[in-house]
Every structure is written in C-alpha cells, then in structure tokens.
Amino acid sequence: MTTQWEEICKLNDLVPGTGVCALHNGEQVALFRPANDSQVYAISNYDPIGKANVLSRGITGDIKGKLVVASPLYKQHFELTSGECLEEPEIKLATYQVKVEGDKVLLAV
Amino acid sequence: MSKQKLIVVGNGMVGHKFIENMIENPAYSDYQIITFSEEPRLAYDRVQLSAYFAGKSADDLMLTSPDYYDENQVQYIVNDKVVSIDKAAKTITTASGRQESYDKLILATGSFPFVPPIPGKDQPHCLVYRTIEDLEAITASANQSKVGVVVGGGLLGLEAANAIQNLGLEAHVVEFAPRLMAVQLDEGGGQLLRSKIESLGVGVHTEKNTKEIVAGEKCRYRMNFADGSYLETDMIVFSAGIRPQDELARQFELEIGPRGGIVINNQCQTSDENIYAIGECALWQNRIFGLVAPGYQMAKVAAEHITGGDLAFIGADMSTKLKLLGVDVASIGDAQARTEGCLSYTYLDGHAGVYKRLVVSADNKKVIGAVLVGDVEAYGNLLQMMLSDIEIPGAPEQLILPAGAGDAPALGVDALPETAQICSCHDVSKGDIYEAVKGGCTDMGGIKACTKAATGCGGCAAMTTQVMNAALTEMGVEVDTSLCEHFAYTRQELFDIVRTKGIKSFAELIESHGTGHGCEICKPAVGSMLATAWNEYVLDDKHIGLQDTNDVFLANMQKDGTYSVVPRVAAGEITPAQLIVLGEVGRDFNLYTKITGGQRIDFFGAQLHELPAIWSRLVDAGFETGHAYGKSLRTVKSCVGSTWCRYGMLDSVSMAVNLEMRYKGLRSPHKLKMGVSGCTRECAEAQGKDVGVIATDKGWNLYLCGNGGMKPRHADLFASDLDDETLIKYIDRFLMFYCRTADKLQRTSVWMDNLEGGLDYLHEIIVEDKLGLCETLEADMARVIDSYECEWKKTLQSPERLKRFAHFINSDATDDNLAYVEMRGQQKGRIATDVERKKLAKGEEIETVELV
Ligand code: SRM
Ligand SMILES: Cc1cc2nc3c(=O)[nH]c(=O)nc-3n(C[C@H](O)[C@H](O)[C@H](O)COP(=O)(O)OP(=O)(O)OC[C@H]3O[C@@H](n4cnc5c(N)ncnc54)[C@H](O)[C@@H]3O)c2cc1C
Ligand code: SF4
Ligand code: FES
C-alpha cells in the first residue's frame, strides 16, 4: 500500500530556524525547519514534562551532533528525528513522516 | 560538666570576631558566652564607618544580629558598661548594677579618640569620629555650620575631612607634623597627597599647633595656632590619634604599658591568666595595633588558647591601602626607609599625580617597604613579595615603573607559598582559597561567601581573583568560559567581535566564529548582543529563530502555553482614561488581571491568536509594549516625589518617566530595573534596583547594581548630587559597559560581585574615563535610543508576521488543552488541575473560590 500524504502548508511558511504547529488527524504536530534548506522534521507538539502544547515554539539547534528542539517551558531537549528526550531518555515523543515537494510540506496520513 | 562561662567586655569588631570564632569552634557546646557593650548596638563595621555618610544605614553596617546571637545562645547586653572587675571572686559589675561571674574574661574594649588638651576643646560642635553616634552628631552640627576643621592629618583625619566636605562644608585639615599621613608616608608621598587634596578644595595646614579655641568673628570659633596664625571654623572634629581603652585594667590592677595599653603575652593573656585582652586595647611587645586585621588575629589566638589550641600571636603587618578623598594611597612595610643600609627607588609623575617609592634590602634583592600615591596597582604584588620574602625577579625599579617602560615583571601568584596571606582582614591564605576552589567555589561570589576573602576593606580583591583563577587552572578545571559547545568564546569576546566586525546576523557569526547549528543558549545570547549593538527588529526573518518564545510572540508564556500581556506604564504614571481602556481590554478578552510588583498591570491567559487583537486595542489607545518578555528594561519604579509629597526633594516621577522612555527597548544580558525616589525615605526602593536614583537637596544620588531577585543585593552608592545631565550620562555609560562585558544572563548585581576592582574600577571607567571608552559607550547608547520602535506596533503592521499568531498553521481551531477555574471573581482565575480538567470534561461542577 502506498503512503497517503496530506499537504499541511508551504515551505515558505516555515522561517528557517523556527517551528510551527499543525493539526493533523486530530493531533497536534510540531514541524521544524532547522536550517535554510528543505529539511523538515515533525514530532508531537505536546510537552509531556511541562504538560502543554508548546513544543513548536521552542528553539531548535544541535547538542553533541543531535538535532533538537528545547522546550520553551523548562528547556528539556527533544531529538527531532527520534522524539527522544535527552534529559529523560524514558520519554519519547511520537514522530511523524514528513516530506517536502517543491514548495509544499506534507505529512503522512 | 557545667559550661565554662566567658564574658566578653566590648562588642566591637574584635569582640564579635572572638565570639564568632568560639561559635565556630567544635567545642563550643562546652561554653557559655555573655557580652557587654557600652554602645547602644551590637558590633558594626567600624572600618566602613564613613560609608554611613554615603547613605549606608546603621543596619547596613552591622556585623552581627540579635538573631544570630540568640540562635547560638550568646547572651548580649547593650548600653551597659562594665565598671569593675573582682579578679579574686572572678566577677564583673556593670554600670546598671548587674553582676556576673566568669571563668575567663575577655577585654575587647577597643580604643577612644585622643583629644589634645587644648583650652576650649569641650564646647559644642567640637566632636570626634569613632562611633555611629559620633557621625550623627557631626551630621547634626554640619546642618548648622559652613566651615569644618579636622584636627589630625592621619588616615582617619583625612577620612573625616572627606566626610565633612561631602556634607557640603568648606573643609580644612590641621596637622601638627610637617606632612600628611606622617606615619605611613615619606616626604615625597606626603607632598603629592597634599597637592592632590588641596586641588579637591580641602585646605591643608601642616606644622600647626593649636593653642586655643575661642569665639570667632566670621565663624563660630577661631583656632589660634602657636605660630600666631589662626583659622576660623564652625565645627571641629578631633582625629589626633587613638588611645587604648584600658580604664578597667588600670583600675583593677592588670599590667599596663608606660604609655597605656593592656599588656598581653603571645597567647593574648594579661597579667591575670584568666583575663585576656584583644584588639586595640591590647599592648603586645610594646605595640598597639590600630588596624582590624591584627585584632582579628588576636581574637583567633585567644579563642584557640581557651579551647586548648596553641596558636600564638606573632605581630602583624601594618601595610594599608585606601582611598582618601578619592586619592589612592598605599603604604607597605618600612615605608620610611628606616632599615639600616636599605636602598630606595622613587618614581614621580607630576602630571598624572603619581608618586611611588620602593624600599629594598641592602643586597637589592628583597622588597621591604613601599609608598604608593595616585596609582596603587602594584600594592598586591609588592605586599606579597615582602610578606613571602620573594626575591625580586629582575631590576627592582621595574616594579614601580609604569607599564610599557620595560614591562614590570608581574609576580605570578604561582610564586607564592601556600601560606601566603592574601586577605589580611580575614586572614585568608592562598591555601584557603585553593581549598575553597576545590570545594566547589568557582567564582568570586562563592569565594567571598566561603572564605570571607575580599569582604573587609576590599584591598585584596584583585589578588584573590588571580589566586582563584590560578587554582582553577591548576586543577585542570579549565576555566571554560565558552558560551556553549557552538562558540569557544566568552560572551564579552563575542560581543566585541559582533561590534568591531559589524556582524549583523547569527548565521554570519556561527559561520565565521562557531560550529554547528547553535542551541537555546547561544541563540538568545547572540540575539541579545545583535539587538544591543544594532537594535534591528527582533522578529525579522534572520533574527526570529534566535529568540525565546517570549520574544517571538512578544509576550510571556505561562505554564499552560498561553501568554501574558503587559503594556508599558512608564514610571507607573497613568491617566484615568488609559486605566479604563486597560479595564475594558481585560474584561472583553476575559483575562485574569493583576497589578504587578512593577507598578503596572498584567493580563494572563491570552491565547496566541488573541494577542494581535488585544494589542491592537492597546496600541490604538496609545500603549506600547512593556517588554515584560525581554531581557531588557522592565520598569522604572517611581515614588510621587516633589509634585505631591511633602518630603519630595526633586521631581522623581518626571525623572523616572524620562529614564523609562530613554532605555525602553535596550536589549541587555539580563533584565534591568530602575527606581527613582524623591527623597531618602526611598518609597521607590531604588536601592534594590539595577539602577537606583535618589533625590537629595543638591541633586541626584546614583546607586548601581542592586536587585531583589534570587540573591538580593543592595545597590552601591556610585556618585552623589548629580545634575540631570550628568546622571543620564553616567547611566548611559554604565548600561552600555554592562551590556558589553557581562556574561549571558548575568544580572548587574552578580556582574558587580565578579568585577575585578569593583566599584572603584567602575568609577574609573565611567567617571574618570580611564579606558577612554566613554565616548563610544554614549554613542552606542544613542544609536539604540534613536532606533527604538514599539515591537507590537511594528508587528501589527505586518500581515506576514501576524500569521505566526495562530495555534495551527493549517486550521483556525485553538488549543483544546486549556481549562480554567473561577477564583475570587475572575473567570480565568486559575489553571485547572488535571483532576479538575477531567471533571470539567464530564460537565461536572467544580469548586470555585469566591471574592469575599
Ligand atoms: C508579574 C510579576 C509578579 C507579579 O505578579 O507582580 C513577575 C512575574 C514573573 N517574573 Fe519576576 N515578576 C515581577 C516582579 C519581580 C520583582 C519585583 C520588582 O521588579 O519590583 C522581582 C525582584 C527584583 C529583581 O528584579 O531582582 C522579580 C524577580 C524575578 C526573577 C529573579 C531574577 C534574579 O536575578 O534573581 C525571575 C527569573 C529571571 O528573570 O530569570 C523572574 C521571572 C519572572 C517571570 C518572567 C517568570 C517566567 O519566566 O515566566 C514571571 C512571569 C511574568 C509574566 O508572565 O507576565 N522574576 N520579579 C512582576 C512583574 C513586574 C512587571 O511589571 O514587569
Ligand atoms: C573611621 C574609622 C576608619 C577606620 N578604617 C580602618 C581601615 O581602613 N582599616 C583597618 O584595619 N582599621 C580601620 N579602623 C580601625 C578599626 O575600626 C579598629 O581597629 C577596630 O574597630 C578595633 O576593634 P576593637 O574591637 O578592638 O575595638 P572597637 O571596635 O572600638 O570595639 C570596642 C567596643 O568596646 C566597647 N567598650 C569599651 N569599654 C567598655 C566597657 N567597659 N564595657 C562595655 N563596653 C565597652 C566600646 O564602646 C566599643 O563598642 C578604622 C577606625 C575608624 C574609627
Ligand atoms: S521617597 Fe520621599 S519623596 Fe518619595 S514618596 Fe517617599 S517620602 Fe515622598
Ligand atoms: S585584605 Fe581587606 S578584605 Fe581582604
């Protein structure tokens, strides 16, 4: 079966170095574009430590080679590719398949 | 076993130190201490007494507190003088008739000011300089005087002259000897000091022997001198030396010296083995020590001896370094070159007003003394070379020649032995500092807290820092000052790079000076530096990713992901019409509303998509962003001042509005707060702010580097009686210098505690412009002020930017995870707990808190 994709927004809607939140299948998904290229990552928007839907508003960067977002609430780092929390490894966020086609950002349904 | 009873007569600096040493002794539980003080209060810092005139209160000067004594079961009786000792019965009696027995008696009665037996000396307005009450009397007298004379041109006399001048009087110093500070300085040093002091407007009269004090013509009194000349004055302060307070010893037959002083042995025992004498009242090998450090040493020795230890007092170094009337003066060891065969080197720069004399041993190898006037930078080095008996590396004259003229062979602290005393006030050795560093104190704040080094006269601060850094390096705790893993530079270095290379974006900076993508530490830090340097719009595409969420949405994130809204209410001044708008906004958007500690109003619980709507209402009504989210100027708290208050000296509200409007929008290493009070009653709590301004009858007093945060710190008085223009100039310079040199997220208070050279150094930079920085600091500040624009106003004008203010990029829905509980009449009174949330979801009633 081939993967179904849903268009979420334009790549331009994502300013390099920032994130946005998307409503996808009834879930809150945080999309990040860490650099000025077409690489986009998607993880859950819910911060299980701060207990709020805020991760898309965190600062992205890299810690020891791993791409991460720091929660805007209490600054724990979540890895963009795996959803893993660097400070509390037993916490792992849902991740989502994402791709960029031309100027479109799509999430797997 | 019953406790041994110790009575400490005198709760001055040394008496208190003794008690502190006892409390810290492991055997303390075997002892019971009672202390008596003739003064109305417990021990205070007499060394810093003059700071009382600079605005410090008696409370600020306290060295201990009733609480501390209570906690440690020390009984204290103030305002009661011990008047007799019964050595046989081992009891004492006080003036109020109280009798107590002792096992050991400790006399720590200090000294009293010597007033020469001049006819007329006992009239009103003839005063001394020793206690807080003396200073109060001087202030009172100054209010009714125009001219003041200090008799005595020694260390304390000059301090008193300074105080008199600061009280607004025409000040004179009358000295018997041919030069000032005759004990500490040689001829050349005394002469330079004199010319410097005269240029400050203080009259200096040497070789004057006062014969009598009679009624004056122009002033209250006339002082007639033996040589036929005279001086008219309204007030006289005697500071002609001190005499040991040995009254009790005299009356109750303890051995005293020919010229006074209670004779002690190396264990600080008097001629009665159960009675000790310590501090300025004690005479050791025919010497009285009129400084606090030797007294502390005696306190330690006595406490050790009583508890069975075997420390001995072996004399003390009398070197001193101080600032008198703004002139730096230091004297080390044999300053007068009295040692036989010794050699001297002198350096005199009449233009800069610097005099230095170095005295070395006959073989030209060891430092044995020095005099420094005008430039005392070499003090730490020279003192250590003398105390640690270190051989002079290279030519001795290099030690006092200015840098550049064949660079001075700096004494690496490595060369010092473990036992070298770094802080003489608190007897802290190099070894003690090393130990503290090993114990985890890695900054000056920590070192001060755990060793007390540099918390007395402050003279050892620079040396202490050097030792601390050496210890850190030696331990391999590479003093890693890198900003984070992406930049191997300190914040200060990066700031210089940004400024001098004209770097305008994070991308440029990390490309040229860093590695990787950055992180939540370096991005906001660099964002802040770029903003301080260039003040570009923080939500510009190239800057937006650097900002914390608060700056991205120009609001503060709350624990549930919503935001708070704080409009600027400069200085807390607000029109009724504006107040009504604020009320309407709070009501219409159903926001929890609270008056903040910063004299303005905070609305909580706004969702992202509501922020633009809320702000357009506010901006339309003339409000601007309050930067409650930024590391930038928050509020300038004001008191009502002279516009309404019956005590107001100046218009504090106008000044506060002025300052808030001037510095709003300045991005800084950490947040900044200011306060302006209309008089010394300080209703604006200005001394608890990064920048505090207090009106006097002559202008503004400027206080710097206070706060009330995690570690409260009172601001230091930096300059007095300034006019508006000078005040603002100094604040401009101060703020920019802080922005340039502080570490990331370092408040001004911590910055100051770690600033090598402290307040004096800051004074040199900001007032004396020693580094020639002032012009650029002011220009940099002018650029920030000129480029200010309200971030909310600008954001509302850009539809592109407003797109970010939606919870979802692809839907108009909002966050479904928010729930509130009513509380005291506000619908969004509180964020619902998990349990309440579940109940709410099921439609169940939950408890609310009513406003009663
Ligand atoms: C709203 C207010 C409390 C109130 O209800 O009155 C408040 C609220 C917050 N303070 Fe504060 N502080 C408020 C006055 C103070 C004061 C008192 C004052 O300014 O008169 C202090 C002590 C003085 C000082 O500045 O040191 C104060 C010391 C702090 C600190 C400790 C700073 C420190 O150096 O130790 C923090 C933490 C920080 O900044 O890192 C802090 C941080 C915060 C933050 C921003 C915490 C956060 O990151 O979410 C709070 C959120 C505010 C919001 O969401 O709007 N707040 N905070 C006050 C806002 C004043 C204003 O109008 O802007
Ligand atoms: C203005 C000023 C500036 C100074 N600057 C410096 C400086 O820069 N560096 C430095 O090292 N030193 C300085 N000193 C000196 C320093 O303050 C003293 O060396 C130190 O205070 C001595 O401590 P002490 O406990 O021996 O005496 P004190 O601090 O004088 O304490 C003695 C106490 O005993 C009380 N007392 C006396 N007799 C009795 C009695 N019978 N019963 C009950 N109580 C009694 C007195 O009232 C007093 O409170 C300065 C002094 C002054 C006045
Ligand atoms: S600080 Fe002084 S001027 Fe200001 S309100 Fe208080 S008493 Fe009045
Ligand atoms: S020498 Fe005075 S504080 Fe250290």
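In this predicted model, 30 residues surround ligand 2, and the closest of them are B:Val14, B:Glu39, B:Arg130, B:Glu280 and B:Val292. Ligand 1 is surrounded by 20 residues, with B:Gln558, B:Thr596, B:Gly597, B:Asp602 and B:Met710 as the closest, while chain A and chain B bury about 2700 Å² between them. The points below take the ligand sites in turn and then go on to the interface and its charged pairs.

**Ligand 2**

- The elements that give two or more residues to the shell around ligand 2 are helix 1 (13–24) and helix 5 (155–166) of chain B, and helix 1 of chain B gives the most, with 3 residues.
- Sorted by class, the residues of the shell around ligand 2 divide into 13 nonpolar, 9 polar and 8 charged.

**Ligand 1**

- A polar side-chain atom of B:Gln558 lies 2.5 Å from an oxygen atom of ligand 1, and a polar backbone atom of B:Gly597 is 2.7 Å from an oxygen atom of ligand 1.
- B:Lys671 contributes through its side chain, in which an N or O atom is 2.8 Å from an oxygen atom of ligand 1.
- The shell around ligand 1 has 2 nonpolar, 11 polar and 7 charged residues.

**Ligand 3**

- The residues around ligand 3 include the cysteines B:Cys639, B:Cys645, B:Cys679 and B:Cys683, and the glycines B:Gly641, B:Gly648 and B:Gly678 are also among them.
- By class, the shell around ligand 3 has 6 nonpolar, 3 polar and 2 charged residues.

**Interface of chain A and chain B**

- The contact takes 35 residues from chain A and 36 residues from chain B, and of the area of about 2700 Å² that the two chains bury between them, 53% is on carbon and sulfur atoms.
- Within chain A, the residues that lose the most area to chain B are A:Arg57, A:Ile59 and A:Asp62, which together account for 27% of what that side buries.
- Between chain A and chain B the count is 16 residue pairs in polar contact, with both residues at pLDDT 80 or more.
- On the side of chain A that touches chain B, the elements that give two or more residues are strand 1 (5–10), strand 2 (18–24), strand 6 (52–53), strand 7 (59–63) and strand 8 (66–70) of chain A, and the largest share, 6 residues, comes from strand 2 of chain A.
- The residues on that side of chain A divide into 18 nonpolar, 11 polar and 6 charged.

**Salt bridges**

- Side chains of opposite charge can pair when their charged atoms come close.
- The structure holds 48 salt bridges over all chains, and across the interface of chain A and chain B the rule finds 3 salt bridges.
- A:Lys75 forms a salt bridge with B:Asp548, in which the closest N and O atoms are 3.2 Å apart.
- A:Lys51 forms a salt bridge with B:Asp834, with the closest N and O atoms 3.6 Å apart, and this pair crosses between chains, from A:Lys51 in the loop between strand 5 (46–47) and strand 6 of chain A to B:Asp834 in helix 27 (residues 834–841) of chain B.

Key: Residues numbered from 1 in each chain as written. Chains lettered and ligands numbered in written order. Predicted model: local features only at pLDDT ≥ 70, side-chain atom pairs only at ≥ 80, totals over all residues. Heavy atoms only, no water. Near = heavy atom within 4 Å. Polar contact = N/O pair within 3.5 Å; in protein donor to acceptor, adjacent residues only side chain to side chain. Nonpolar A, V, L, I, M, F, W, Y, C, P; charged D, E, K, R; others polar. Contact = heavy atoms within 4.5 Å. Buried area = accessible area lost by both parts, 1.4 Å probe. Salt bridge = Lys/Arg side-chain N within 4 Å of Asp/Glu carboxyl O. Helix = DSSP H or I, 4+ residues; strand = E, 2+ residues; numbered from the N terminus.
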